[in-house]
Amino acid sequence: MTSLLNKVINALEQIILEVIDPTTGTVRWVEGEGDWAKDLFPQAGNQQVFTINEETPFLFDFLYDAKLLWKENENGRLRSGLWTETTLNNTELHLEAIAIKQQQHNILVITNQREDFKVQQKTKQVAREVLLSYDRLFLKNEYLHTRLLSILNQPSEQSHILTTLAKVIENAEFAVFIASSDFNTNIENTAALSLFEEQTFHGSEPTRPINIILNLMKNQLPEYERIIATHSSWDGELCWISPPSTLKWLKVAFYPVLNKLHEVENWIIFANDISTVKHLVQRNEKLAMQDMLTELPNRYAFLQTLEKHIISAQAFYLLYIDINEFRRHNEFYGHEEGDKLLVELSKRISSAVKSTDYVARVGGDEFAIILANIDNQASCELAIQRIIESINKPFHTKKANSFHISISVGVANYPNDAQGVDELMKFVDLSAYNGKKNKKNTVQFYSQSMKDASQHLIIVEQELRQAITNNEFELYLQPIIDIKTNCINKAEALIRWNHPEKGLVSPDSFIPVAERSGLIITIGEWVINRSCQISKQLSKLGFDIKISMNLSPSQVADSNLFTYLKDCIQNNQVTPYLLELEVTEDVLVDDYSVVETLLSNARAMGMSVSVDDFGTGYSSLSYLKKLPLDYLKIDRTFIKEIVADDNDKAIVKAVIAMAHNLNLCVTAEGVETQEQLSFLVDNACNSVQGYMFSRPISVNYFIKLLNEQL
Amino acid sequence: MIQKKICLLGASSVGKTSLVKQFVEGIFSEKYLTTIGVKIDKKTITFENEQIQFMLWDMEGNDTYNVFQERYLRGAAAYIIVVDQTRTSSFHEGLDIHTLARQVSNCPAVLTVNKNDLPATWNIENNENKVYKDLFDLHFSTSAKTGENVEAMFLALAKLLLKG
């Protein structure tokens, strides 16, 4: 029996030492043998007593921890972790020690871990090489992308730009294309030509490299149409197979270059040949199917699993999770923090779903989940709720700054919404995109009406671009009356869209589209410029009337806003104190430091600032004290029932009192009746605005009103 | 002879093993071979007629696949945080490891910005990074490849340990 045991121990490449004296590290070699063991302890032999000393420093150090275990009465085990020992004859041994307490026996097992070491080294070597190479690739791509964007965004002669671009991209180590919006013309570097060099049969024309990429994207990316239609960027891996002998893995980054109208002027495309890295990874089955960063299954593993679920014909829900504003997060905190967020998020999602569900990272900031064994929307909503709850808890940067994120969740059901991998992926991607740019968590179940609505949005966006080009907007003014003088002293500028077919379109139906598409910046600039023109016109006519302009959240976040404002004021020769900026409460609390700088600069120039829709947003009032403000505009919802509702009465009174304490003036919005006005006059409100006095009116009609007032 | 345990810590592939190899054997290999677990090398140097034997604990780099293990710092006379001047992320990771190490040890800490033979993508002398230099007792810019400052770093460390 002992002999058999010894054989097993030898086969396992272990030696067993019985601890005689834990304090001195004296042991007896009781079982196991082998050349490696003799090399390790040349001073000892089988059944001999010897002391572990600093000749084997790692093991000697491990005895400190082992002694604590051996002192205990309880059974227990402690592993040392792998270490490499160089023996006297210069052999490297890869070892692990296990301290054991078993029924009052103190035992030390040393295992020659050369097999395990080899496996670990092979896997980690590949994993680390891949991490390193992706890291370098990312840095190079980011650098070139920023540089190209700055060149493309500069106003310059077309021929001059092309020469500069050609020079810049020529030195890149990877393939770079800069294509026109329709991809029909492009410039490319030598790396691009050599990457896509393929054997052509006699007489056949070689395919344009850019067309190869586009075809790969069309065939391998269900999201392709949405990416092009919505002018989105994308990065990921594509496999290029071109018989007879081409098989390349490409890491492709695809970025739009947008103009002021948010139209695509150019596309920048990078392609890196990652075949070698991919080959390394594929030698290891686990790594081939795993996302290196989050250790979740990757896109390819996910698509295979999705296919299997479809074949099994069991109903399931497919979720597509997209982090809102991830790019901005990356820019603000850095790439590393972005990675940290992805890892943390993947953990939270995984712990929020059931073990039977399947979570994968399918893109840069995109995760996909198969909720198996769920066949009704209510259960699916519950599962999503759990995910959102886990995400709502704050995240932390390495420097312990806390922040929150929000996600867009797209949902589709198998088999009701679609029955194929491509269609399902297309639908969930579209659903998630519909919630994008919204700073809140959104869940969008796929439906035909959602698809139609999405199509409608694209059409409205296109029409808005035309509206900007064709100058279809008009600025209306709604008078604001000073209660003391009973005269118009201010007007709120409100945009109207004279649609060539639909007639006058309300801002409620197009501003959200403009906000979402980014066109709000251009439209907002038009409003500022037109307001300045109107102010100048009124001044010339002898009217000192303040024009109040609404700023959207995107405008406030736009770093060029203040420069644009200043230029407009100078170009139109307007007195700044005749202009006012109106921002909503949500904007004020959204990014305090940005807002504070903007408003302080505006006020330093002489402009005033008012808070619009006051009372409907966040209830925190601390910003009122800190921010440079002049007016509060009480939202119409409080004014509406002011005569009948005691609560509204109390709220309005309190707001007026608080504002006056803070040296702020108050404007009441939506005043429609004499009773409402009387209440406001009695409670020392400063000014009023509403249909009782005037609807928003054209500039000419407004001037007529002013003349009547004289 | 005095024996001192020195731990080399840092993110993976910053050149910890290469620094040890350069210092102990005077050689450098271009081929990257990741360290698994811990490997201990010894080298004796003479400083002001005194012999000091360094027990160099070269540890597996810290990343997704291997977390920092404080227990390996037990009994260390000093530790060297190795960072890579071609990757800013390695500097941030090095600082994180330093913070963790400080929770268990007050021994002298050295910062070495390695791979100085390659173009830098970040600089320790930048205003935002400079402040971190004060967290360390010594700092060096080294190249395991050319050997620049490698010997000097260990000599300075020997001096610090003997005088201290």
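Me: What covers the buried residues of H26(A)?
Reply: The cover includes helix H24 (636–640), strand E27 (665–668) and strand E28 (687–688), which belong to chain A. Helices (H or I, at least four residues) and strands (E, at least two) are DSSP runs, numbered from the N terminus. This is a predicted model: local features need pLDDT of at least 70, side-chain atom pairs count only at pLDDT 80 or more, and totals for chains, interfaces and linings use all residues. Residues are numbered from 1 along each chain as its sequence is written, while chains are lettered from A and ligands numbered from 1 in the order in which they are written.

Me: Fine. Which residues of H26(A) are buried?
Reply: Within helix H26 (residues 674–682) of chain A, the buried residues include Gln676(A), Leu677(A), Phe679(A) and Leu680(A). Buried stands for 20 or more other C-beta atoms within 10 Å of a residue's own, exposed for 12 or fewer, and partly exposed for values in between, with C-beta atoms placed from the backbone.

Me: And why are they on the same side of H26(A)?
Reply: Because they cover an arc of only 160° around the axis, these residues lie on the same side of H26(A). The arc is taken from the directions that lead from the helix axis to the C-beta atoms.

Me: What is exposed on the other side?
Reply: Gln674(A), Glu675(A), Ser678(A) and Asp682(A) are exposed there.

Me: What is the phi of Ala684(A), after the helix?
Reply: The phi of Ala684(A), which follows H26(A), is positive, near 65°.

Me: New topic: how many residues does each chain give to the contact?
Reply: Chain A gives 22 residues and chain B gives 19 residues. Two residues are in contact if their C-beta atoms, placed from the backbone, lie within 7 Å. On the side of chain B that touches chain A, strand E2 (38–47) and helix H2 (88–102) of chain B each supply at least two residues.

Me: How many bridges join E5 of chain A to E2(B)?
Reply: Two bridges join strand E5 (residues 83–86) of chain A to E2(B), and the strands run parallel. Strands pair if DSSP finds at least two bridges between them. Opposite Val38(B) in E2(B) stands Trp83(A).

Me: Which five strands form the open sheet in chain A?
Reply: The order is E9-E8-E12-E11-E10 (chain A), with antiparallel pairing. Strand E9 (186–188) and strand E10 (234–242) of chain A are the edge strands, each pairing on one side only.

Me: How many bridges join E11 to E12 there?
Reply: Nine bridges join strand E11 (residues 246–258) of chain A to strand E12 (residues 264–273) of chain A. Leu258(A) has Val264(A) in E12(A) as its bridge partner.
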